[in-house]
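The stops below are given in the order in which to select them.

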Amino acid sequence: MRLFRRIAKEPSNDRPSRQNSLTILFMLGLLTLTTSAFDVPQVGNVLADELVVTAKQESEKKDKDSDATDSIAVKNAEEPNGETKEPIPRALKPAPSEVSWPTEKYKSYKDIPPSGTGLRVHLDSRRWVELNSLSATKKIDGEEVDIFWKADGELIDPPQGFDPILLVPARVDNQIPKATRGVSLQVVGPKGTRASMSTSGLGGYGNFSVPIDDEFVQLPLTTIMSDVPYNHAYVAVSVSQERWEDISLDNSQGMQVLQSQEDRRLYVVIDDARQYAWQLEIERDKGEPIVMTPSVVGGSVSSPFFPESLRSSVRKEFQSAQIVGFNFDKDQPMPQLVKLQRSLYDVVRFENLSVFPGPKSAVLITINGIPISEGQKPILTPLDETSNESTTFADNLKPDNETELIPLSGTVVDAEGNPVPECWVGMFVTPQEFDQSRKSSKPFATGPPLTFEARTDEAGVFSILALKSHFVFEGSFWAVRKDGATGTLSRNCTWSYLQDHLKIRISEEQGKVQVVDPEGEPIDGAKVTLEAVRIPRSVTRELPEEIQNRQTAVTNNNGEVTFRGWSSAAIRGVGVTAEGFGTQYLDPNYASQWVKGEEPLKLTLYPTASLSGQIAGYAESQMENLQLQILTETRGDLPPMSGRAVVNVAEEGRFSVENIAAGRVSIVSSLTADSLVKMQIPYIPALTPGENRIIIDNPKLVPAVVVRQQFIKSDTNVGIPDMKLRVLWGAAINDGSWRQSKPTTTDKNGWWTAHVMPGPINIRVNSRPEGYAGTSWFDGRSGHLGIQAEVPATDQLVTLPAEVYVPSKSLRGRLQYADGSPANDWSVYGHPISWSDVGVGGVRTNGEGLFTWTYPTGYPPRLYKASNRKWLSDHHFTDSYLIPKLISTDPFVLEIPEHPDTSQ
């Protein structure tokens with residue numbers, strides 16, 4: 001660097017030579033900067049120098065990047081010919097790569113694994129963050145021993161013979177205890193660097209800096225995460241940038257500054273306080289300036305951290321803002337405020353960290369929300385430059401043209417087995433994912449459409465010439481007797497089996513529903529529709545729309561209707577339309593036996609409200625015939641009634657609904673899964689009874705994003721065809737309604753494609769290739785309903801990282817009672833490392849107590865559970881859960897006590 005300075009200042013009459021020398025030095029400086037920015041890290045390091053930043057950060061990034069060089073030449077210095085000489089940049093010193101823990105000053109760091117062995121992320125050439133390890137304390141041979149492991153679950157120098165299963169707490173009262181884990185991180189940056197940390201669990205952390213040399217410091221961040229409820233955790237570290245921005249104290253720049261003379265405190269009120277590091281420079285008695293850090297960042301003005309005496313002084317626009325608080329010595333007068341500064345945080349987030357070591361976790365690292373690992377980034381390409389191996393942007397499979405007609409013959413009988421003549425029978429085929437022709441054309445239709453219908457003869461026999469469009473039949477048959485009594489038969493079987501096993505039984509039971517108003521008075525003239533029933537000793541079935549139309553009645557003056565073929569206890573879903581109450585319904589997802597015996601199911605309608613709004617972007621879309629289904633979820637009497645209304649979208653995107661049950665609001669549009677636009681639905685606060693709400697933050701139409709992904713085998717990298725899956729976006733990733741989703745199938749090369757809404761999506765897979773298994777439910781990549789992914793808003797094709805299936809393994813076992821007899825008809829579950837992972841389970845034992853688990857390589861079951869269901873009536877059951885004892889591993893035998901008494 002001295003040579004650099006000397007040559008830059010040395011006078012010369014040979015201008016070209018001098019310019020060449022400076023050019024060479026400039027290039028050397030840039031090369032030095034580039035080399036330092038992309039230095040070869042330790043094993044596990046991740047580079048993050050080329051990041052796409054948000055628009056808000058762009059100006060900050062430009063200023064930060066300009067600080068990466070230093071101007072040595074005198075400003076405005078002139079050459080002999082009068083031209084201004086350009087300043088000569090030089091590279092700033094890069095952050096040191098070898099920074100040991102400060103063990104000389106802080107002895108507690110001696111036991112932590114060495115620096116450089118963890119996951120290191122370079123924010124730029126002068127700042128890096130390393131997640132060193134996770135840890136737990138375990139008593140071994142009477143001594144407390146610290147066990148350390150890497151972010152992905154690999155143990156670090158464990159005691160000889162140590163089994164990580166020992167770190168899994170035992171179940172208490174059949175509940176899973178929450179875990180406590182230690183986390184060790186290092187932050188290295190220039191002097192003045194600030195950092196903060198958040199984690200999945202509860203607990204504080206020490207936050208101090210230790211000098212490395214005259215220019216750099218390290219911040220050793222260690223914390224205890226307590227009450228971690230899952231097998232995978234996150235740690236987020238916010239690191240200040242090198243550039244600090246001066247903030248005016250005159251209540252400008254989108255914030256308000258308040259002082260409490262009595263409490264000796266200063267507060268900054270601003271909407272995005274947590275996005276910045278803050279510091280305040282003060283001066284006392286004309287002494288040296290003192291730099292202070294805040295005592296609180298991020299609380300609201302209504303929190304206990306903000307004095308009540310100042311709340312009336314907060315401007316209206318900051319009533320829900322965040323605060324930054326500085327506390328001064330109460331024994332001294334208020335200091336002189338010299339300078340308030342802030343620095344935008346860069347946030348490094350480590351996700352899918354192994355709370356329990358052992359099976360591998362798929363650790364995800366992001367900086368400011370952007371994945372930095374090449375294997376985790378989506379690839380963006382122009383839509384006209386897609387790979388030849390990918391599928392088209394329509395459905396991945398074409399309808400099967402090889403159809404044939406199959407003659408079906410069945411019978412309808414009553415409870416005594418007698419034939420039921422002149423009975424209507426409907427056949428409802430659950431559509432295969434590729435068969436669009438079988439799907440209902442109505443946007444909010446319930447269940448599959450009617451495909452064939454017939455009537456029974458005097459012998460109770462019906463005949464149907466059905467269209468076989470798939471080698472397996474999946475669907476149902478419903479019978480409606482002349483008196484309205486119904487029965488059903490569901491099947492998922494081959495067509496040949498169906499031809500020999502087609503008998504529908506109609507029960508003589510009767511179920512009653514009574515509808516009352518909020519004061520408990522019966523409602524006369526309400527329209528009541530049966531929408532779902534529980535099949536005796538089986539599951540709940542929603543009635544297809546055709547059957548619902550045949551199971552609709554009007555209440556009498558006692559507010560009652562009667563449905564034949566089902567008891568009151570079997571009724572699970574009901575829709576009610578009454579004057580002044582709109583349409584309210586009993587959601588079958590709240591599957592519960594609401595009544596016992598012959599008493600009617602009493603439904604109390606909920607007070608209503610009204611709602612109106614306007615869809616942003618509707619006029620530009622030139623869309624016609626758009627409908628919305630507005631749903632509300634109430635918090636009232638049991639059984640819980642919810643609101644439902646279908647409204648047409650008028651000109652300029654306006655919509656409204658009157659008399660909908662007050663409660664939490666959700667909205668669904670009639671847009672199809674393949675629509676080129678999607679509707680973003682904001683959070684809408686719950687409606688209160690009698691309210692007339694006009695939505696301020698309205699739904700918005702946005703362009704759909706074309707996204708694709710390939711499923712491949714880990715050992716061959718060959719695509720996996722015919723994988724059935726469902727892509728979910730928007731509210732569907734949490735509510736399980738499928739309302740915003742696309743069913744599809746991978747093509748011959750293993751690719752699927754869909755039009756989705758930008759943002760988080762889930763990919764729910766319904767297939768398993770023979771000999772292989774997925775790992776997303778084990779390694780932490782699963783969302784609420786499937787493989788989790790993030791899709792950016794773009795007009796390009798988004799290719800997600802490939803979903804890799806690994807070879808599967810099988811474990812054949814036996815469940816027995818304590819006397820050695822087989823435990824028949826139990827469900828057996830196995831978990832690889834903790835009770836909270838999905839594991840393998842729900843496998844039923846046969847008459848000999850035998851079962852077979854199939855699991856992905858690397859995730860063998862280590863923890864076991866068994867359950868058994870006892871039916872107390874046709875519509876009510878209880879499940880018992882036991883932790884079996886491992887008797888032997890070869891053969892694999894689990895043992896439980898004698899069948900528990902579940903009659904109570």
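Strands here are DSSP runs of E with at least two residues, numbered from the N terminus. The model is a predicted one.

Select Leu167 first. Leu167 sits in the loop that runs between strand 7 (155-156) and strand 8 (179-190). Is Leu167 buried or exposed? Its relative accessible area is 8%, so Leu167 is buried, the cut-off for that class being under 20%.

Setting aside neighbours within four places in sequence, Leu167 is in contact with Ala136, Lys138, Ile147, Trp149, Phe162, Arg181, Phe356 and Pro357. Pick Lys138 from that group: 29 residues separate Lys138 and Leu167 in sequence, while their C-alpha atoms are 7.2 Å apart.

Zoom in on strand 56 (residues 827-831) and strand 57, an antiparallel pair with three bridges. Click Gly830 there; its bridge partner in strand 57 is Val840.

The last stop is Lys865, in strand 59 (residues 863-873). Lys865 counts as buried because its relative accessibility is 14%. Beyond neighbours within four places in sequence, the contacts of Lys865 include Arg171, Ser827, Val828, Tyr829, His831 and Trp835. Tyr881, Leu882, Ile883 and Pro884 are also in contact with Lys865.

Key
Residues are numbered from 1 along each chain as its sequence is written. This is a predicted model: local features need pLDDT of at least 70, side-chain atom pairs count only at pLDDT 80 or more; totals for chains, interfaces and linings use all residues. Side-chain values use heavy atoms; hydrogens and water are left out. Helices (H or I, at least four residues) and strands (E, at least two) are DSSP runs, numbered from the N terminus. Buried means under 20% relative accessible area, exposed over 50%, partly exposed in between (1.4 Å probe, protein chains only). Contact means heavy atoms within 4.5 Å. Two strands pair if DSSP finds at least two bridges between them.
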